[in-house]
Amino acid sequence: MRVDLPWTVSYLDVDESFQLKPMALVRQMEEAAIRHTDLVGLSARDLYQEQGLAWMMYKIGLKILSLPAYGQELTVTTWSKGIKGFRALREFQIRDRDRVLARATSLWLLYDLRAERLKRIPGEMAEAYEIEAAHALDWDLAQWKPDADFPCQTTLPVTTRTSDFDLYGHVNHAVYIDYIDTALATTRGHHTWEGEVKIAFLRQIPRQVKRVDVLIGPEQETEMIGISTQDTVCALAERKTA
């Protein structure tokens with residue numbers, strides 16, 4: 001089962017050049033994933049309020065071919081590529097009428113909020129999705145293990161805001177992208193998001209955290225970026241620009 005989510009890029013989605021902010025791109029993919037969950041009868045609201053469960057993005061790989069612009073009419077398509085054990089694979093494609101603008105593959109985990117631990121995905125939940133073998137990106141995120149021990153060239157502290165946190169009380173996945181974007185804009189000025197990026201969300205950032213540090217490695221063909229709270233690495237990103 002593929003789910004299509006129409007999307008017109010709004011004024012609040014773009015930067016001063018009227019191109020899409022990377023955070024808005026990830027937000028729309030999350031919206032499409034939630035829509036899919038609702039359509040198969042596994043309401044995200046019911047999972048949270050009645051069962052104390054939530055889907056958590058663990059890793060995502062993005063290939064941005066061209067950033068959309070203000071007013072552009074797009075379609076975000078998502079589908080399940082497989083669910084086994086603790087892991088659920090989900091694919092995304094963002095396109096306008098004539099071309100694909102971005103592709104993404106992601107790995108999700110089911111989290112028990114009450115027990116504060118991962119939960120094996122029940123068979124009946126896995127069966128609710130119609131699995132498609134097609135992939136948006138032929139990347140094996142399960143085997144990708146980013147190296148936290150990279151040379152840090154620049155560290156930028158970022159103060160968290162109330163709006164950063166989702167209804168589960170943790171920093172939303174898309175906000176991690178915004179932290180990285182903020183750090184790159186502050187330390188390097190003009191930068192592009194067209195290219196490839198992989199992100200692993202290693203630790204949740206809870207509401208009581210008031211500051212995170214964005215660690216930026218040397219600017220090169222493949223660059224490493226980390227997000228940490230004190231001595232805890234919460235996310236690692238590997239970026240290749242076009």
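Ring pairs join Tyr11, Phe18 and Tyr70 into a cluster. The model is predicted, so local features need pLDDT of at least 70 and side-chain atom pairs count only at pLDDT 80 or more, while totals for chains, interfaces and linings use all residues. Residues are numbered from 1 along each chain as its sequence is written, and side-chain values use heavy atoms, with hydrogens and water left out.

Rings of Phe, Tyr and Trp (its six-membered ring) pair if their centres lie within 6.5 Å; planes under 30 degrees apart count as stacked, over 60 as edge-to-face and the rest as tilted. The count by this rule is 5 aromatic pairs. Tyr11 and Phe18 make an edge-to-face pair, because their ring centres are 6.2 Å apart and their planes stand at 65°. Tyr11 is exposed, at 57% relative accessible area, whereas Phe18 is partly exposed, at 37%. Here buried means under 20% relative accessible area, exposed over 50%, and partly exposed in between (1.4 Å probe, protein chains only).

Two arginines lie over tryptophan rings. A charge sits over a ring if NZ of Lys or CZ of Arg is within 6 Å of the ring centre and within 35 degrees of the ring normal. For Arg2 and Trp79, the distance to the ring centre is 3.8 Å; for Arg239 and Trp193 it is 5.3 Å.

Strands are DSSP runs of E, at least two residues, numbered from the N terminus, and two of them pair if DSSP finds at least two bridges between them. Strand 9 (residues 211–216) pairs antiparallel with strand 7 (residues 154–159) over 6 bridges, with Val212 as the bridge partner of Val158. Strand 9 also runs antiparallel to strand 10 (residues 222–229), joined by 4 bridges. There, Leu215 stands opposite Gly226. Strands 9 and 10 form a hairpin, with 5 residues between them.
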